[in-house]
Amino acid sequence: MRRAAPWSVTEVETIVATYRQMLVAELSGQRYNKRQLNQALMERLHDRSRSSIEYKHRNISAVLRDADCPYVDGYKPLSNYQGVLVEAVERVLLGSELFDRAARLATERPAVDAAEPANDVIIVTPPEPSRPHQEINEKPAAYERKPLKRDYLAREAQNRELGLAGEHFVVSYEQHRLKQDGHDKLAEKVEHVAETQGDGAGFDVLSFEADGRERWIEVKTTAFAIESAFFISPNELACSRSYADRYHLFRLFDFRQRPRMFCLQGDLHDHLWLEPNSYRAGVR
């Protein structure tokens, strides 16, 4: 079987340009025909199969994920990408003013409360780890060209309307869950702590287990994909460690279109990779 030749710079730039078209359309709420665009792409890339194009789209999604950017729905990130793809994505997609405007507007769009959750269909399993685990004595990985970080996810994290809508969704979900199990009195006691007590508690929602034990829930909401990174404070991490028996993190994703979430329970240090982001500093 003949081995496919490496992708040329021109081929890589061509597929990134098509991916950019799809992504800008999604971010702008515009309909597009993915199959039609990919068919046109195959006609331009004569020696590339449909599956190889699919894999390359997923590689592009991985580059965008690692740059803290939104990516096209349906193209799950595939991490084994090369430096030439990183450079093309930065040049053709991330360097595009059109993409930048669409991404910024998407992070800042207002949000309203979603329809009340009706059942457990919205609960999904957590995504697979996006970074390989490295043992303490393992030899460090060789240097790989990684994309420069952008601020789109950080901007979305500052979208207060989106965050509140996600918290309200979880309050409704917890009330519904308890009522469904016949615990109406516990459902009445579910509290939106972030509103009643402020942001310093280390969690957003106070709920309960069926036996009355407290369930402390921190809510992280995104309108983007399940693999999108999120931001967590030292206070939230410390709270999850000190009260691991009652701590839960609910990660809501795809909130504007079809809200779903996965849940992590206990000490978040056991579940998350943590990357230093910034320090609050003063002269001493």
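My entries follow, going from the whole chain to single side chains.

**Ground rules**

I am working with a predicted model, where local features need pLDDT of at least 70 and side-chain atom pairs count only at pLDDT 80 or more, while totals for chains, interfaces and linings use all residues. I number residues from 1 along each chain as its sequence is written, and side-chain values use heavy atoms, with hydrogens and water left out.

**Entry 1: the whole chain**

I began with the secondary structure and got 10 helices and four strands. (Helices are DSSP runs of H or I with at least four residues, strands are runs of E with at least two, and both are numbered from the N terminus.) Reading from the N terminus, I wrote down α-α-α-α-α-α-α-α-α-β-β-α-β-β.

Next I checked burial: 43% of the 284 residues in the protein chain are buried. (Buried means under 20% relative accessible area, exposed means over 50%, and partly exposed is in between, with a 1.4 Å probe and protein chains only.)

Then I looked at contacts, meaning heavy atoms within 4.5 Å. Of the contacts with a separation of 6 or more, 67% are between residues 24 or more positions apart.

**Entry 2: leucine 37**

I picked leucine 37, which sits in helix α2 (residues 34-44). With a relative accessibility of 17%, leucine 37 counts as buried. What does leucine 37 touch, not counting residues up to four places away in sequence? I found Thr18, Gln21, Met22 and Tyr32. I also looked up tyrosine 19, 18 residues away along the chain, and its C-alpha atom is 9.0 Å from that of leucine 37.

**Entry 3: aromatic rings**

A pair of aromatic rings is described by the distance of the centres and the angle of the planes. My rule was that rings of Phe, Tyr and Trp (its six-membered ring) pair if their centres lie within 6.5 Å; planes under 30 degrees apart are stacked, over 60 edge-to-face, and the rest tilted. By this rule I count five aromatic pairs. One that I looked at is phenylalanine 169 with phenylalanine 255: the centres are 6.0 Å apart and the planes are at 80°, so I logged the pair as edge-to-face. This pair links distant parts of the chain, 86 residues apart, with phenylalanine 169 in helix α7 (residues 160-180) and phenylalanine 255 in the loop between β3 (247-253) and β4 (260-265). I have both of these phenylalanines down as buried.

I also noted that Phe203, Trp216 and Tyr243 form one aromatic cluster.

Then I looked for charges over rings (NZ of Lys or CZ of Arg within 6 Å of the ring centre and within 35 degrees of the ring normal). The charged end of arginine 246 is over the ring of tryptophan 216, at 4.9 Å from its centre. I found lysine 189 over the face of phenylalanine 208, 5.2 Å from the ring centre.

**Entry 4: salt bridges**

Side chains of opposite charge can pair when their charged atoms come close. I used the cut-off of a side-chain nitrogen of Lys or Arg within 4 Å of a carboxyl oxygen of Asp or Glu. How many salt bridges does a search of the whole structure find? I got 19.

I opened three of them:

- Aspartate 66 meets arginine 65 at 2.9 Å, N to O. Aspartate 66 is buried at 17% relative accessible area, and arginine 65 is buried at 9%.
- Aspartate 254 pairs with arginine 260, with the closest N and O atoms 2.6 Å apart. I have aspartate 254 as buried at 15% and arginine 260 as buried at 16%.
- Arginine 177 meets glutamate 174 at 2.5 Å, N to O. The two are three residues apart in helix α7, which means a separation of about one helical turn. Both arginine 177 and glutamate 174 are buried.

**Entry 5: glutamate 156**

Last, I went to helix α6 (residues 152-157), where glutamate 156 is found. Glutamate 156 is buried yet has no salt bridge. I looked for the nearest side chain of opposite charge (Lys and Arg count as positive, Asp and Glu as negative, and His and the chain ends are not counted) and found arginine 256, 5.5 Å away. Leaving aside neighbours within four places, the contacts of glutamate 156 include Thr107, Leu162 and Phe224.
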